[in-house]
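Welcome! Please take a look at the structure below before reading on.

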Amino acid sequence: MRELDYNKIGLRIRQARKAKGWSQGALAEKCGISMSFMGHIERGTRIMSMDTFASICESLGAKADELLWGIPEPTEASLSGMWGQGVAKSADSDSYTIYTKIMKSVAQIMSEA
């Protein structure tokens, strides 16, 4: 099993927070923790509880794997966007389904590496 790197987890939380244009204080308030503790989490100098981590994920709209390991899971919307304007014909639908399964398998393999 891989060991958690709290510095990298904190960096990913900071990046997700900044992508939303939020301050540390804003995210801390949404999660019910102090701004000081949020700063420690982002620097990786303190370990948060599972409840706090779940609250951060929910507030940021991020998946746990994305924040823990840095590998986002492809969403149906992103896969659809990569495929094209949408799937209208049944033949295209079948190949899209296969393409989706392949991409999800690749993401899973990469997250285990």
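This is a predicted model: local features need pLDDT of at least 70, side-chain atom pairs count only at pLDDT 80 or more; totals for chains, interfaces and linings use all residues.

Residues are numbered from 1 along each chain as its sequence is written, and side-chain values use heavy atoms, leaving out hydrogens and water.

**Confidence**

The predictor's confidence in each residue is its pLDDT, from 0 to 100. The protein averages a pLDDT of 82, and 72% of the residues score at least 70. Over residues 85-91, pLDDT stays under 50, and the model has 4 contacts there beyond four places in sequence (contact means heavy atoms within 4.5 Å).

Helices here are DSSP runs of H or I with at least four residues, numbered from the N terminus. The table lists the buried residues of two of them, where buried means under 20% relative accessible area with a 1.4 Å probe, protein chains only.

| Helix | Buried residues |
|---|---|
| Helix 2 | Leu 27, Ala 28, Cys 31 |
| Helix 3 | Phe 37, Met 38, Gly 39, His 40, Ile 41, Glu 42 |

The buried residues of helix 2 pack against helix 1 (6-19), helix 3 and helix 4 (50-60). Those of helix 3 pack against helix 1, helix 2 and helix 4. After helix 2 comes Gly 32, with a positive phi near 75°; after helix 3 comes Gly 44, also with a positive phi near 75°.

**How they cross**

Helix 2 (residues 24-31) packs on helix 3 (residues 35-43) at an angle of about 105°, with the axes 8 Å apart. Axes are lines fitted to C-alpha atoms, for helices over the stretch in contact, and angles run from 0 to 180 degrees between N-to-C directions. Helix 2 is therefore roughly perpendicular to helix 3 (65 to 115 degrees; under 35 is roughly parallel, over 145 roughly antiparallel and the rest oblique). On the helix 2 side, the contact includes Gln 24 and Leu 27, and on the helix 3 side Met 35 and Met 38 are among the residues.

Technical notes: Helices (H or I, at least four residues) and strands (E, at least two) are DSSP runs, numbered from the N terminus. Buried means under 20% relative accessible area, exposed over 50%, partly exposed in between (1.4 Å probe, protein chains only).
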